Amino acid sequence: ALLLLALLHGATAAAAPPQRIVSLNVCADQILVDLVPRERIAAVTHLATDPLTAAKPERAAGLRQTRGGAEDVVALKPDLVLVGEYSTPATTDLLRRLGFRVEPVALPQSIDGVRALIRRMAEFVEEPSRGAALIAAMDGRIAATSPSSSPQRPRALVYQANNFVAPEGTLVDEAMRVAGLSNAAARLSYTRRGQVGVEDIILSRPDLLIYASGPEAYRTTVGDNIRHPALHQKSWRAELVLPWPLWLCATHHVAEAVERLAAARDRLSR
């Protein structure tokens, strides 16, 4: 049945820009909805409207959703399927064997990597001008947050559910540096998975403690660390909730993360 649907679809590269695009990656979802008109999107992932994973879930509201099953995707007759590097390998392999155009999208860990990803996706969907506009808007917002010339950079620390911190070399680490902050995680000893106990967080005494989610976002035990009463004894100068979806995926929404970080930096300097 899958082969028949593929044959009926044609499953060959079309001369026109893709008109039935399916995304099987939540990060691709968030760029795609700002790159092409909605009528060209056949489906996005079921996470595209989840506020815990998507920076702007309202942008995907009303679009068809898929969980990545091969039968579901083939039935949509896509002329372009966007996949993550590690997402749904069985589906990806089958779609390729059936002749569908499948393009992988990487998950960069830098702002320059975000620019490259947007350009690459803009090429896939044949919307280079929209891609350039997204990049220009992101760069403009980031440039507007440029820190003062003071060499003093407040020490900031990102703390997530399940005791995770954001180490150096990550996208949010760069966002902090661009916003005029230094990453206090550089002086912490954390596990190979990037976890740090509440006691060490308190002893590190950052100027700014950044939560990746509010204390009520995760009601299971993974969120117990950010609900720990000792964290709320105000051992630091300021706190900030920087929603994880702004930097979970390497998208143009990192500009908003930089803006929020820069605003917190300015409050510290008053």
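This is a predicted model: local features need pLDDT of at least 70, side-chain atom pairs count only at pLDDT 80 or more; totals for chains, interfaces and linings use all residues.
Me: OK. Which hand does the crossing of α5 and α6 have?
Reply: Right-handed.

Me: And at what angle do the axes of α5 and α6 cross?
Reply: Roughly 160°, and the axes come within 8 Å. Here α5 is residues 111-125 and α6 is residues 128-143. Angles over 145 degrees count as roughly antiparallel, so α5 and α6 are roughly antiparallel to each other.

Me: Which residues of α5 and α6 meet?
Reply: From α5, I111, V114, R115, I118, R119 and A122. From α6, P128, G131, L134, I135, M138, D139 and I142.

Me: How does that contact of α5 with α6 split by class?
Reply: Nine residues are nonpolar, one is polar and three are charged.

Me: What about α2 and α5, at what angle do they pack?
Reply: About 60°, with the axes 11 Å apart. Helix α2 covers residues 26-35. That angle makes α2 oblique to α5. The crossing of α2 and α5 is right-handed.

Me: Which residues make the contact there?
Reply: A28, I31, L32 and L35 on α2. On α5, the residues are L117, I118, M121, A122 and V125. By class, the contact of α2 with α5 has nine nonpolar residues, no polar and no charged ones.

Me: Switching to the sheet. What is the strand order?
Reply: β3-β2-β1-β4-β5. The sheet is open, has five strands and shows parallel pairing.

Me: Which strands stand at the edges?
Reply: β3 (65-66) and β5 (102-105). Each has a single partner strand, so one side of each is left without a neighbour in the sheet.

Me: Over how many bridges do β4 and β5 pair?
Reply: Four, in the parallel sense. Strand β4 is residues 80-84.

Me: And what stands opposite V81?
Reply: V102, in β5.

Me: Which strands does α4 touch?
Reply: β4 and β5. Helix α4, residues 89-97, packs on the sheet, and its direction makes about 145° with that of β5.

Me: Back to α5. Which strands does it lie across?
Reply: β1 (21-23), β4 and β5. Helix α5 runs at about 170° to β5.

Definitions and conventions. Residues are numbered from 1 along each chain as its sequence is written. Side-chain values use heavy atoms; hydrogens and water are left out. Two strands pair if DSSP finds at least two bridges between them. Helices (H or I, at least four residues) and strands (E, at least two) are DSSP runs, numbered from the N terminus. Contact means heavy atoms within 4.5 Å. Axes are lines fitted to C-alpha atoms, for helices over the stretch in contact, and angles run from 0 to 180 degrees between N-to-C directions. Angles under 35 degrees count as roughly parallel, over 145 as roughly antiparallel, 65 to 115 as roughly perpendicular and the rest as oblique. A crossing is left-handed if the near helix is turned anticlockwise from the far one by less than a right angle, and right-handed if clockwise. Ala, Val, Leu, Ile, Met, Phe, Trp, Tyr, Cys and Pro count as nonpolar, Asp, Glu, Lys and Arg as charged, and the others, Gly among them, as polar.
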